[in-house]
Structures are given as C-alpha cells and as structure tokens.
Amino acid sequence: MIEHLGLTEHTRVSDTTKIMVDDQGVEFVLVENAFSQACFTLHGAHLIHFQQAAKAPLIWLSKTAIFDNKKAIRGGVPICWPWFGAAPASFGANLPSHGFARNSLWQLAETKEVDGATQISFKLTDTKASLELWPHQFELTLVATVGEAIDLRLITHNQSEKPAPYLAALHTYLNISAPEHAKVTGLGSQYLDSLAGKQQKASTGTLSIDGAIDSLYTQAEPSLTLSDQGLQREVAIHNEGNDTVVVWTPWIEGAAAMADMPDDGYQTMLCVESAITQQAVIIAPGESHTLSTRIG
Ligand SMILES: O=P(O)(O)OC[C@H]1O[C@H](O)[C@H](O)[C@@H](O)[C@@H]1O
C-alpha cells in the first residue's frame, strides 16, 4: 500500500521503529511489529498506513497524495485541530480550514513497546505563527499504539493562563472494497447534513453509500462497525472525547475535482471521523482533554 512511495531507511530508532525518507528527503516513521505495520509522516503526525499482519489495509491513502511538507496529505488520518472545517467566528476570520496541526511539522517524542504493541508519541507546541492563528500556549500530543488495532489519542494540554476552546477531528480515511459493499452501523438516530445547509435529518443508525456524503452524526454510539462484504470483514471503531462522528465521501464529482485523489479514488475510501464539531471543548489553564479513536 505504501511501496509506491519508494521509502528508504534513514535511521533505526528501535527494533520496531525506523525513520524512512522518500527521494525528496521527506521523513516518515515506519513501525513494524508482530501485529501490524503503520507509517506516519512528521508533517501533521499523520498516520498514512495501517495494516494488520496478513490482512488488507484498514487505512486508505490516495495514490496521488502529495508529500511536500506543505499541504495536508490526502488519506490516512489528518489531524484537524484546533478547529474542524471553517473556524467559528469567535476564533477569528480567514483562518485555514481544519486548523493548522495537519500542516505543521511535529517532533517524534518517544517510542516504547507495550505487550508486543508499539506506542509512539508525536508532539507539537505553540510557535509565533500558531499564536497568531490560535492565541494559546499548548502542548499537543498524539499517542499512537500500533498493535492488533491502531489506537490514536490526541491530547490537548492548555499551557496558557486562560481557558482554551478547541474543536477537532481525527479525520480517518478507511479502506473499503467498494461503496456498495460497505455499511456503517452505530451512527444513532439523527444527523446534520452538510450537503443540505446542515439540515437535521433522521437516521436509522445504519449507513449505506450511494452518493456524496458529508454528515455530522451527533448521537452516534462510542462503538461503530464498518462491515465490508467485499473484504469479508467487520472493522470495529471506538471513539472517545468526541461529540460527533463525521462521515464523508466526495463521490464522483468531488474526487474528479481533487488534484490529489484519482478519479476513481472515491470507490475505495470512506471517512469516518471522531470529531468535536458541535461545541468547543474549553480547557482550563494547565488542564488537558483527549480525543481518541481505535480502529481494528
Ligand atoms: O479537503 P479537506 O480540507 O481535507 O476536507 C475534506 C472534508 O473534510 C471533512 O470530512 C468535511 O466534513 C468535509 O466537508 C471536507 O470536504
């Protein structure tokens, strides 16, 4: 799934973890243990690949994704933070969509083995540029546990002396065999349809895919299932710290309009995102909040 990136080993961090580089010198972190394989970029602390041993990949990456350490990467798990989509007016005007974490260079902080799984942490802290976009000192940590499942915990620590409001998403692109073979359950009884002016609509809790979708499920269960008849599997998704599950697929026209997604890309992906979209979480000075998702 990531062979086409032509990554070569740069530095060995531990028995399971290596820094890799592509032919432009862009850095990736590759984790391989008995359970699974995962790959991250330092740009965005972005998980671009996760695959359990001898199984089809769980995470989708666009074949035409651009790795230039500038733009957000298409596929994987972009970290939308400290807001989701367009920033609320109270955060200011002309702010970048989905925040700045996905377009920032993070530091690899720690790797350790826990019961055969690999736990790897990435950190991002405030800079002069970040303070202009979001006026709070912070330490943002992504703790990823690469095991039988992939567990992503995004911890926002408010290091400023005033309350810090934030919104976010772990914007997971899941790999599917085909839209007609995939179904999501556990979504709850209603959603806001972003393709219809955020109109509130009723849901049976189960979603089949037959067109463009951009929906905010505000009453979803913490545990969801993606069933895929083509891959003959049921993927368990468990979210915490979220107030919304966002489901998104650009479908035919959306994919055709994106330079970093092949025209047929929509046929093998579906985003199911653990998100805070309805009400900003307000973190008291010195306190933290965690948004998480576990997939597998
Ligand atoms: O193209 P991006 O900025 O990565 O955003 C991709 C998508 O993200 C979310 O799922 C939003 O709900 C969509 O409205 C948006 O189009």
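1. Two strands pair if DSSP finds at least two bridges between them. Strands (E, at least two residues) and helices (H or I, at least four) are DSSP runs, numbered from the N terminus. By that rule, strand β19 (residues 233-240) pairs with β22 in the antiparallel sense over 4 bridges. Within this pairing, H238 has R294 of β22 as its bridge partner.

2. A word on the model. This is a predicted model, in which local features need pLDDT of at least 70 and side-chain atom pairs count only at pLDDT 80 or more, while totals for chains, interfaces and linings use all residues. Residue numbers start from 1 along each chain as its sequence is written.

3. Strand β22 also pairs with β10 (residues 150-158), again in the antiparallel sense, over 8 bridges. Here the bridge partner of I155 is T290 in β22.

4. H289 lies in β22, which covers residues 288-295. Is H289 buried, exposed or partly exposed? A residue is buried if 20 or more other C-beta atoms lie within 10 Å of its own, exposed if 12 or fewer, and partly exposed in between, with C-beta atoms placed from the backbone. H289 is partly exposed because 18 other C-beta atoms lie within 10 Å. Two residues are in contact if their C-beta atoms, placed from the backbone, lie within 7 Å. Not counting residues up to four places away in sequence, H289 touches T156, G241, V281 and I283. The C-alpha atoms of H289 and V143 are 13 Å apart, and these residues are separated by 146 residues along the chain.

5. T64 sits in the loop between β5 and β6 (79-80). T64 counts as partly exposed because 14 other C-beta atoms lie within 10 Å. Apart from neighbours within four places in sequence, T64 is in contact with D260, M261 and P262. From T64 to L187, 123 residues apart along the chain, the C-alpha atoms are separated by 30 Å.

6. An open sheet holds 5 strands in the order β1-β2-β3-β4-β5, with antiparallel pairing. Its edge strands, β1 (8-12) and β5 (46-52), each pair on one side only. From one strand to the next, the twist averages 25° (axes are lines fitted to C-alpha atoms, and angles run from 0 to 180 degrees between N-to-C directions). Inside the sheet, β3 (residues 27-32) and β4 (residues 36-41) run antiparallel and are joined by 5 bridges. E32 has Q37 in β4 as its bridge partner.

7. Strands β14 (residues 190-193) and β15 (residues 199-202) run antiparallel, joined by 4 bridges. The bridge partner of L192 in β15 is Q200. Their hairpin has 5 residues between the strands, and G197 there takes a positive phi near 60°.

8. A nonpolar core is a set of buried Ala, Val, Leu, Ile, Met, Phe, Trp, Tyr and Cys residues joined through C-beta atoms within 7 Å. The largest such core has 78 residues, of which L47, I150, A168, L174, V247 and V272 touch the most other members. Strand β21 (residues 269-283) gives the most to this core, with 8 residues. Leaving out residues up to four places away in sequence, V247 touches V184, L207, I213, S215, Y217, C271 and V272.

9. Which residues are around the ligand? They are A72, G85, S97, H98, H171, S194, D214, V246, W248 and C271 (a residue is near a molecule if its C-beta atom, placed from the backbone, lies within 6 Å of it). This shell divides into 4 nonpolar, 5 polar and 1 charged. Ala, Val, Leu, Ile, Met, Phe, Trp, Tyr, Cys and Pro count as nonpolar, Asp, Glu, Lys and Arg as charged, and the others, Gly among them, as polar.
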